Amino acid sequence: MKLSVFTVATPDLAPEELAKAAADAGIESIEWRFKEVPADAADEKPSFWRHNRCSMDPGGTQEDWLRFREAADQYDRRSLAVVPYLTCGDVEATEKVMQAAKLIGASFIRAGIPGYNRKRNYYELYDQAVQYLHEVEELAAAYGVKALVETHHLTIAPSAGLAHRLVSHFNPQHIGVLYDPGNMVYEGYENYRMGLELLGPYLAHVHVKNGGYRKSPSVDGTSAEWSAEWTPLSQGAVPWRQVVQDLKSVGYDGYYGIEDFSGTFESREMLMRFAEQMNMWSDHEQSL
């Protein structure tokens, strides 16, 4: 089983520290977060989305970016992906990410797709995304870096089915899907195996995290309200042992990338636990 870590989940570790921690845990590859740290966050405690010490700065120089490749190389790890937070339609920013990925030898980037908040019609957003992805496909072919659409809540592609509807226009060598069952706890659940069968050659990468549900009274006290929240990997609603079996059933042999947002464990321990759990689930599947 091939394992990776997305550095959004390890905000307290500098690139060199993260690469060593990955090596110690037996995690082969690294997905580098591509996002600036806000100036007013520099003195804050490390956090996933603000003071993340393991982030490539989009405003950095090539020398700055090469630090991340060198950190991976120092511990014989692979730089698998550069993962930005792109706006759908921003082709210039997308090309910049492609350049960074090619520079450090990464295979993937994450494309930007529209969010969905009931203010614009789905079909309008869908047409915008398809037009953008046509341009992204050309960039991907030119740079030799695949662009992935992630199954993500609050976007127009929260499920495997809706992600497939987007990417089915394109060559799977250049445009693929990042399958994230943890996000599908929040929105987009479909039978895992059915969704994976549908994705077929577009299935390019898998993110591993988990989430569950919290019940609370409504404001007026007349009904219950449910909300989703992140949990440790083994404690949420995603049955990862079953998901691993379903991934194997469709011939998936790519990477499983940890993205644990529960904050339950210190980063190094979280990586160790992730590797142990994934290998356990893989061994269980092989014994069936």
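**The largest cavity and its surroundings**

Author: In this predicted model, the lining of the largest cavity is made up of Glu31, Ala81, Val83, Phe108, Ile109, Arg110, Leu148, Leu178 and His205. Two elements each give two or more residues to this lining: strand S4 (78–84) and strand S5 (108–110). S5 gives the largest share, three residues. By class, the lining has six nonpolar residues, one polar and two charged. The space itself is about 50 Å³. Across the whole structure, one cavity of 30 Å³ or more is found.

Some of these names come up again in the packing. The largest nonpolar core has 79 residues, and Trp32 and Leu166 touch the most other members. Helix H4 (residues 122–143) supplies the largest share of this core, eleven residues. A second, separate core has twelve residues, including Leu80, Ala81, Val83 and Leu148. Ala81, Val83 and Leu148 also line the largest cavity.

Now the open spaces. The largest pocket has a volume of about 350 Å³. It is lined by 20 residues, and Tyr85, Arg110, Glu150, His152 and Thr155 are the closest to its centre. Arg110 is also in the lining of the largest cavity. The lining of the largest pocket has eleven nonpolar, five polar and four charged residues.

The second largest pocket holds about 250 Å³. Of its 15 lining residues, Pro11, Phe48, Gly263, Phe265 and Ser267 are the closest to the centre. This lining divides into six nonpolar, five polar and four charged residues.

Conventions:
Residues are numbered from 1 along each chain as its sequence is written. This is a predicted model: local features need pLDDT of at least 70, side-chain atom pairs count only at pLDDT 80 or more; totals for chains, interfaces and linings use all residues. Side-chain values use heavy atoms; hydrogens and water are left out. A nonpolar core is a set of buried Ala, Val, Leu, Ile, Met, Phe, Trp, Tyr and Cys residues joined through side-chain atoms within 4.5 Å. Buried means under 20% relative accessible area, exposed over 50%, partly exposed in between (1.4 Å probe, protein chains only). Helices (H or I, at least four residues) and strands (E, at least two) are DSSP runs, numbered from the N terminus. On a 1 Å grid over the protein atoms alone, a cavity is a set of points where a 1.4 Å probe fits but cannot get out, and a pocket is an open set with protein on both sides within 12 Å along at least five of seven lines; lining residues have an atom within 4 Å of a point. Grid points are joined across faces, edges and corners, and a volume is the space filled by probe spheres set on the points. Ala, Val, Leu, Ile, Met, Phe, Trp, Tyr, Cys and Pro count as nonpolar, Asp, Glu, Lys and Arg as charged, and the others, Gly among them, as polar.
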